[in-house]
Amino acid sequence: MIEAEWWDYESHDEWVDAVAGDIGFIIESALDARKDCLLALSGGKTPIAAYQKLATQKLDWKKVTIIPVDDRLVKVDDPASNVGMLAKIFLPRGARVVPLGADNKDYKQAGAAADARLQDLPWPPDLVLLGMGEDGHTASIFPGPDFESALDAPKARRAIGVMPDPLPKDAPFPRVTMTRAAILSSRALMIALTGAKKRDVLERAIEDGAGSKLPIGRVLAEAEQAIDIHWSAE
Ligand SMILES: O=C(O)[C@H](O)[C@@H](O)[C@H](O)[C@H](O)COP(=O)(O)O
């Protein structure tokens, strides 16, 4: 059984405040306990407002390292780049933003390079914040030739390259993603999503548990930590 707690908000503003507030709290607790903090933050459009709000908080940002949970293999200045988005928001605050991917033609090689980069970071992350697509993908774990490898990579493997099949229409790129094992090694796991459709998809995936065919269900089915889901209708 997947143990997940839903936090519902009446407005998008409340959702933004809560998501930013919870991440801020995790950063403060990590800095108190360990003097540094590693966050793995999802890309896509949904969490951007929460990240912008978070960046206004007065924190010891120089001790915070941020990685994307996954990225599209595009140049960092491409609007589709997750690390580009994170860098724009958090670099000015003094945080260290570490890219996962690069504009590499060979996605498997890009995955190996991403893994090597993550092996150099103090592990595990204090937080992995996941998003979800309406098709039930999370991070860049998609149906396709690399689906099972992303889910069942050896525990030590932190990132791999993936070629979604079919390619998602809104961001049709090969990608690199944290593996399920790396996602689930996090001290805390949070999901931030909006909209009725995504809620239905996630509720069904949670109900189906290990039998779910959706990437989000397959990832969460193995989680041992508590999962906080922050949701608002818009
Ligand atoms: O790079 C990515 O594609 C993501 O990190 C991905 O897992 C994202 O969270 C969902 O696709 C939702 O994206 P939206 O928030 O844009 O709907």
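Predicted model: local features only at pLDDT ≥ 70, side-chain atom pairs only at ≥ 80, totals over all residues.
Author: Local features need a pLDDT of at least 70 here, side-chain atom pairs count only at 80 or more, and totals for chains, interfaces and linings use all residues. Residues are numbered from 1 along each chain as its sequence is written.

Reader: What makes up the secondary structure of the protein?

Author: It comes to eight helices and 10 strands. Both are DSSP runs numbered from the N terminus: helices are H or I with at least four residues, strands are E with at least two.

Reader: What is the strand order in the open sheet of seven strands?

Author: The order is 1-10-9-6-2-3-5, with parallel pairing. Two strands pair if DSSP finds at least two bridges between them.

Reader: Why are strand 1 and strand 5 called edge strands?

Author: Strand 1 (4-9) and strand 5 (96-97) each pair on one side only.

Reader: How do you know that strand 1 and strand 10 pair?

Author: Count the bridges: six join strand 1 to strand 10 (residues 227-232), and the two run parallel. One example is Tyr9, whose bridge partner in strand 10 is Ser232. Strand 9 (residues 189-194) is also joined to strand 10 by six bridges, again parallel; there, Leu193 has Trp231 as its partner. Strand 2 (residues 37-41) and strand 6 (residues 127-130) pass the test too, with three bridges in the parallel sense. Leu41 stands opposite Leu129 in strand 6.

Reader: What packs on this sheet, touching strand 2?

Author: Helix 3 (residues 82-90), which also touches strand 3 (64-68) and strand 5. Contact is when the C-beta atoms of two residues, placed from the backbone, lie within 7 Å. The helix direction makes about 155° with that of strand 3. Axes are lines fitted to C-alpha atoms, for helices over the stretch in contact, and angles run from 0 to 180 degrees between N-to-C directions.

Reader: What about the open sheet of three strands?

Author: Its order is 4-8-7, with antiparallel pairing. Strand 4 (70-72) and strand 7 (159-162) are the edges, each pairing on one side only. Strand 7 is joined by four bridges to strand 8 (residues 175-178), and Ala159 has Met178 as its bridge partner there.

Reader: Which residues are closest to the ligand?

Author: Gly43, Gly44, Lys45, Thr46 and Gly131 are the closest of the 16 residues around the ligand. A residue counts as near if its C-beta atom, placed from the backbone, lies within 6 Å. The shell divides into four nonpolar, 10 polar and two charged residues. Ala, Val, Leu, Ile, Met, Phe, Trp, Tyr, Cys and Pro count as nonpolar, Asp, Glu, Lys and Arg as charged, and the others, Gly among them, as polar.
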